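Here's a walk through a fold, strand by strand and helix by helix.

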Amino acid sequence: MEPYRRHVLVCTGGFCSPERGGRALYSLLAKLLEREDLLFGPDRVKRGETPCLGVCAGGPIVVVYPEGVWYAHVTPTLLERIVVEHLRDGRVVEEAVFHRLSDHDVT
Ligand code: FES
C-alpha cells in the first residue's frame, strides 16, 4: 500500500448525529480530498468511516491522525475548512477541536 500522511475517520453512526450526518460528510470528504489533490503523493490522506468512536454526542465527529485531533459538530462547511486548513495547509481548526490524544506537532 502507498504510504499516507494522515488518516481521517468519520463517524457515520446515529448516536452522535441522529440524522447520521456523518454519511454525507464521508461522501463529501472524498470529493474535497480529490479537489485539493490529497489523494496521491506525499500529502496523501486516507479516509475511513466507522459506526462509532465512543463519543456518541456532539456529532458528527471527525478525527485526524497522527495528530489525534478530534472535531465535533462537523458541518459540510467545517469539513471543507478541515480539509483545506488542516489536511492541506497543516493548521488545525482550533475552535472546532474538543479533544486531543497527543501533542504531535502539525507540520
Ligand atoms: S455514534 Fe458517533 S461517536 Fe458513537
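**The sheet and what packs on it**

Start with the sheet: 5 strands make an open sheet in the order β2-β1-β3-β4-β5, with mixed pairing. Strands here are DSSP E runs of at least two residues, helices are H or I runs of at least four, and both are numbered from the N terminus; two strands pair if DSSP finds at least two bridges between them. At the edges sit β2 (45-50) and β5 (97-100), each pairing on one side only. From one strand to the next, the twist averages 20 degrees.

Before going further, a word on the source: this is a predicted model, where local features need pLDDT of at least 70 and side-chain atom pairs count only at pLDDT 80 or more, while totals for chains, interfaces and linings use all residues. Residues are numbered from 1 along each chain as its sequence is written.

Now zoom in on β3 and β4, which run antiparallel and are joined by 3 bridges. Look at V62: its bridge partner in β4 is Y71.

Next, the helices. α1 lies across β1, β2 and β3, at about 155 degrees to β1. α2 also packs on the sheet, touching β1, β2, β3 and β4, and its direction makes about 10 degrees with that of β3. (Axes are lines fitted to C-alpha atoms, for helices over the stretch in contact, and angles run from 0 to 180 degrees between N-to-C directions.)

How do α1 and α2 pack against each other? Their angle is about 35 degrees and their axes are 10 Å apart. On the α1 side, L25, L28, L29, L32 and L33 meet P76, L79, E80 and V83 of α2, a contact meaning C-beta atoms, placed from the backbone, within 7 Å.

Leaving out residues up to four places away in sequence, L25 touches V10, P60, V62, V74, P76 and L79.

Finally, is P3 buried or exposed? P3, found in the segment before β1, counts as exposed because it has 7 C-beta neighbours inside 10 Å.

Key. Contact = placed C-beta atoms within 7 Å. Buried ≥ 20, exposed ≤ 12 C-beta atoms within 10 Å, placed from the backbone.
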